[in-house]
Amino acid sequence: MSPRLDAHQHFWRYRPTEFAWIDGRMPGLQRDHLPVDLEPHLQRAGFDGCIAVQARTQEEETDFLLDLAARTPWVQAVVGWTDLRAADLVARLERRQGSRHLRGFRHPVQDEADPGAWLADAAANRGVATLQRHGYLYELLIHAETLPAATAFAARHDHGVLVLDHLGKPPGRVAPADYARLLAPLARLPHVHCKLSGLVTEADWQGWQAEQLLPYARIALEAFGPERLLFGSDWPVCTLAASYAEVVDLAEQALLELTTGERAAVFGGNAARLYGLGTQPREAVA
């Protein structure tokens with residue numbers, strides 16, 4: 001039986017200088033969010049564990065999450081951050097090669113002045129290729145208008161798993177028909193997977209309706225299929241717009257037509273497979 005896993009959530013000890021993206025509209029996020037805060041939500045929703053994803057662009061973020069995972073049995077994997085363009089990237093990766101929880105890395109490309117240029121940057125591309133040689137996956141955090149550049153980027157990096165976070169954040173940016181057109185080329189790349197997450201915070205936080213968001217989820221489901229889609233809550237960021245239970249319910253609505261086995265894959269089986277839970281990242285290859 002597949003584990004039931006939340007494939008995308010965050011922890012932090014809140015320091016304003018380190019979380020500039022948390023602004024005055026987000027008072028609920030301006031405090032610590034730690035495993036003790038998430039655990040009741042996981043239990044009520046019937047989840048066996050989660051995957052913790054970076055929220056700061058500093059090396060210490062990875063160490064912070066790995067420390068939490070080492071002390072929290074149900075934090076089953078970590079997606080950290082490292083400077084992909086650093087000259088000593090290999091040494092940074094080798095320092096953590098023995099970690100049993102570190103499964104991948106992410107950079108908030110969406111926050112770059114020119115996300116498309118970042119995805120085409122030679123040093124960044126060398127960095128992602130290095131990650132893949134060391135057995136790590138890479139998560140893409142972009143906005144929907146960057147999907148064409150992300151597709152070209154993903155096509156260059158087919159030696160490992162790539163994961164599109166938050167469906168590419170389409171609500172409020174592109175209409176469903178345009179989203180389907182932009183997403184299709186990326187979804188045709190078999191090494192790319194997608195997280196069913198982050199929809200509610202891209203909509204009107206107080207006034208969103210499931211009917212506005214479900215078309216995007218269903219487009220992603222059709223494009224990637226249930227074998228390449230992963231549920232993630234995006235907790236605690238999701239609480240800006242919805243409760244944990246509401247986020248789970250929205251995903252369940254999107255997956256109503258799937259079989260029991262297909263839903264189990266989206267709600268944990270795919271994450272367990274992709275993040276290699278119970279295994280170590282492979283050794284680097286030449």
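This is a predicted model: local features need pLDDT of at least 70, side-chain atom pairs count only at pLDDT 80 or more; totals for chains, interfaces and linings use all residues.
1. UniProt lists residues 6–277 as "domain: Amidohydrolase-related", in an unreviewed entry. Over residues 6–277 the chain is 41% helix and 13% strand.

2. **α6 against α7.** Helix α6 covers residues 147–156. Its axis comes within 8 Å of the α7 axis, and the two cross at roughly 5°. That makes α6 roughly parallel to α7, since angles under 35 degrees count as such. On the α6 side, the contact uses Leu147, Pro148, Ala150, Thr151 and Ala154. On the α7 side, the residues are Tyr179, Leu182, Leu183, Pro185 and Leu186. By class, this contact has 9 nonpolar residues, 1 polar residue and no charged residues.

3. **α7 against α8.** Helix α7 spans residues 176–187, and helix α8 spans residues 210–224. Their axes are 10 Å apart, at an angle of about 25°. α7 and α8 are therefore roughly parallel to each other. The crossing of α7 past α8 is right-handed. From α7, the contact takes in Pro176, Tyr179, Ala180, Leu183 and Ala187. From α8, it takes in Pro215, Tyr216, Ile219, Ala220, Ala223 and Phe224. The class count for α7 with α8 is 11 nonpolar residues, with no polar and no charged ones. Note Tyr179 and Leu183: these α7 residues are listed in the contact with α6 and also in the contact with α8.

4. **α8 against α9.** The axes of α8 and α9 come within 9 Å and cross at roughly 55°. α8 and α9 are therefore oblique to each other. α8 passes α9 in a right-handed crossing. The α8 residues here are Ala210, Leu213, Leu214, Ala217, Arg218 and Leu221. They meet Leu250, Gln253 and Ala254 of α9. By class, the contact of α8 with α9 has 7 nonpolar, 1 polar and 1 charged residues.

5. **Cis peptide bond.** Most peptide bonds are trans. The bond joining tryptophan 235 and proline 236 is cis, with omega about 0°. Proline 236 sits in the loop between β8 (229–231) and α9 (244–254). Check this bond in the model.

6. **Two positive phi values.** Most residues other than glycine have a negative phi. Histidine 166 has a positive phi, near 55°. Leucine 167 is also not a glycine, and its phi is positive at about 55°. Histidine 166 lies in the loop between β6 (162–164) and α7. Leucine 167 is placed in the loop between β6 and α7 as well. Histidine 166 counts as buried because its relative accessibility is 4%, and the cut-off is under 20%. Leucine 167 is buried too, with a relative accessible area of 0%.

7. **Glutamine 54.** This residue is in the loop between β2 (49–53) and α2 (59–71). At 2% relative accessibility, glutamine 54 counts as buried. Residues up to four places away in sequence are not counted in what follows. Glutamine 54 touches His10, Glu61, Leu65, Val79, Gly80, Trp81, Arg106 and Pro108.

8. **Leucine 89.** Leucine 89 is in helix α3, which runs over residues 89–95. The relative accessible area of leucine 89 is 4%, so the residue is buried. Beyond its neighbours within four places in sequence, leucine 89 is in contact with Thr82, Asp83, Leu84, Gly127 and Thr130. Leucine 277 is 188 residues from leucine 89 along the chain, and their C-alpha atoms are separated by 24 Å.

9. **Alanine 45.** Helix α1 (residues 35–45) contains alanine 45. Leaving aside neighbours within four places in sequence, alanine 45 is in contact with Arg4, Tyr244 and Val248. Serine 99 is 54 residues from alanine 45 along the chain. The C-alpha atoms of alanine 45 and serine 99 are separated by 29 Å.

How values were computed
Residues are numbered from 1 along each chain as its sequence is written. Side-chain values use heavy atoms; hydrogens and water are left out. Axes are lines fitted to C-alpha atoms, for helices over the stretch in contact, and angles run from 0 to 180 degrees between N-to-C directions. Helices (H or I, at least four residues) and strands (E, at least two) are DSSP runs, numbered from the N terminus. Angles under 35 degrees count as roughly parallel, over 145 as roughly antiparallel, 65 to 115 as roughly perpendicular and the rest as oblique. A crossing is left-handed if the near helix is turned anticlockwise from the far one by less than a right angle, and right-handed if clockwise. Contact means heavy atoms within 4.5 Å. Ala, Val, Leu, Ile, Met, Phe, Trp, Tyr, Cys and Pro count as nonpolar, Asp, Glu, Lys and Arg as charged, and the others, Gly among them, as polar. UniProt positions are given in the numbering used here, feature names are shortened, and annotations may be inferred rather than shown by experiment. Buried means under 20% relative accessible area, exposed over 50%, partly exposed in between (1.4 Å probe, protein chains only).
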